[in-house]
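Open the model in your viewer and keep the sequence panel beside it. Each stop below tells you what to select and what to look for.

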Amino acid sequence: MANLHRVRDSLVNAYISDILDEEEFILLFDINAPSNPYFQYEQDGYKFDLDNLNDDECNSFFRFRKDDIIRLKSALGIPDKVILDNGSVIKGLEALCVMLQRYAYPCRYGDMVRFYGRSVPQLSMISKWMTNFIFNTHRHLISSLDRDWLTPPHLAIFANAIYQKGASLNNCWGFVDGTVRPVCRPSQHQRILYNGHKRVHALKYQSVTVPNGLIAHLYGPVEGRRHDAYILRQSGLLTELEARSHDPDGNPLCLYGDLAYPLRPQLQAPFPTTNITRLQENFNAAMTKVRISVEWTFGDIVNHFKYTDFRKSQKVLHSACGKMYIVSGLLTNAHTCLYRNNTSAYFELDPPSLENYFLGA
């Protein structure tokens, strides 16, 4: 692209010097017109340096403070040098910053050119590489309940924290719910993605949240037209609950969901809202009060990483919408480990450290 830009500058100089007449200049200039805009950047004269930014700037651009970005790089296992598909080499810390800035707000790569001194295609490759790396390396942290911080003693602590906040159930350790994430209207398969309840084209995800503020399980994406009960069955969550959802004495513990979910020993739901007793109404009200925390966690994902909430950027068949949302969930957990959130403050439980969560150290 830079060579093409120099060719066009030469044509302008040739026209000014009367080497080309007006007709020849217009013809050659139009032939060499680029199909994409050219963004001037100083590839050799500028290098991104995180030390040039203060904590407030880092928090605004990347959603993490400066020192914590370095900790995050280490916890994620990002190499010191990242080799892109085209052979380009970039520092791992800079690659992480590129991806975080892209996720933090729906900015264009063209807006980031002067910030990093890199071209649009290179910034795109960096963001894609980082997304794939985090997804492939750490997705297991939210795709299974087989985690050190989700053992029976920890689940019993979670259940007690929820009960102390006024829940009717004394054996509920977390909450399960589905969320609808709108996407750009696709050119194909529109009926499959259309969610009649929200009246948008969308992808759906199922999340399990716990009182320390973390997302314990995140499944998706699933077509927007699917029911929550279908997603539950596809996710295999019930099977995992049967094997792992119990206290140290072997007594069953449960998750709490809405009326869309079936009743099981490990999965409870409210009473139907019609023809119920006052005692059942009180049960529903008490559980609704504590269950609202699952909505807070969904809000954390899109508030910290707003790119996933920008419908026009979520183009199914053109971008990895599901992968980006899963990575945003992992980054949200990292943010919670470092700074806590409303859920952990409400239930007065601290999440594990960043290193314990990602490395199990």
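**Before you start**

This is a predicted model: local features need pLDDT of at least 70 and side-chain atom pairs count only at pLDDT 80 or more, while totals for chains, interfaces and linings use all residues. Residues are numbered from 1 along each chain as its sequence is written, and side-chain values use heavy atoms, with hydrogens and water left out.

**Stop 1: the whole chain**

Show the cartoon. The chain has 16 helices and eight strands. Helices (H or I, at least four residues) and strands (E, at least two) are DSSP runs, numbered from the N terminus. Of the 361 residues, 48% count as buried. Buried means under 20% relative accessible area, exposed over 50%, and partly exposed in between (1.4 Å probe, protein chains only).

How much of the contact list comes from residues 24 or more positions apart? They account for 63% of the contacts with a separation of 6 or more. A contact means heavy atoms within 4.5 Å.

**Stop 2**

Select Asp177, in strand 3. Asp177 is buried, at 5% relative accessible area. Its side chain makes a polar contact of 3.3 Å with that of Arg291. A polar contact is a pair of N or O atoms within 3.5 Å; within protein, one must be able to donate a hydrogen and the other to accept it, and residues adjacent in sequence count only if both atoms are side-chain atoms. Leaving aside neighbours within four places in sequence, the contacts of Asp177 include Gln206, Asp228, Asp258 and Tyr261.

Now select Asp228, in helix 10 (residues 228–235). Asp228 is buried too, with a relative accessible area of 12%. Its side chain joins that of Lys204 in a polar contact of 3.0 Å. Beyond four places in sequence, Asp228 touches Asp177, Gly178, Lys204, Gln206, Asp258, Ala260 and Tyr261.

**Stop 3: the largest cavity**

The whole structure holds two cavities of 30 Å³ or more. On a 1 Å grid over the protein atoms alone, a cavity is a set of points where a 1.4 Å probe fits but cannot get out; lining residues have an atom within 4 Å of a point. Grid points are joined across faces, edges and corners, and a volume is the space filled by probe spheres set on the points.

The largest cavity has about 60 Å³ of space. Select its lining: Arg181, Pro182, Val183, Leu203, Tyr205, Thr308, Gln314, Cys321 and Tyr325. Strand 3 (172–182), strand 5 (200–209) and helix 14 (321–339) each supply at least two of the lining residues.

**Stop 4: the cysteines**

How many disulfides does the whole structure have? The search finds zero. A disulfide is a pair of cysteine sulfur atoms within 2.5 Å. Cys184 is in no disulfide; the nearest cysteine sulfur, in Cys321, is 9.1 Å away. Cys184 is partly exposed, at 25% relative accessible area.

Move to Cys97. Its closest cysteine sulfur, in Cys58, is 6.9 Å away, too far for a bond. Cys97 counts as buried, at 0% relative accessibility.

**Stop 5: Leu145**

Select Leu145, in the loop between helix 7 (120–138) and helix 8 (152–164). Is it buried or exposed? Leu145 is buried, at 5% relative accessible area. Glu240 is 95 residues away along the chain, yet the two C-alpha atoms are separated by 7.0 Å.

**Stop 6: backbone details**

Most residues other than glycine have a negative phi, and most peptide bonds are trans.

Select Asn54. Asn54 caps the N-terminal end of helix 3 (residues 55–62), with a side-chain oxygen 3.1 Å from the backbone nitrogen of Asp56. Just after helix 3, Arg63 takes a positive phi of about 75°. Arg63 is buried, with a relative accessible area of 16%.

Arg199 also has a positive phi, of about 60°. Arg199 is exposed, at 68% relative accessible area.

Finish at Gly220 and Pro221. A cis peptide bond joins them, with omega about 0°. Pro221 lies in strand 6 (residues 215–223).

Definitions and conventions. 1 Å grid on protein atoms, 1.4 Å probe; cavity = no way out; pocket = protein on both sides within 12 Å on 5 of 7 lines; lining within 4 Å.
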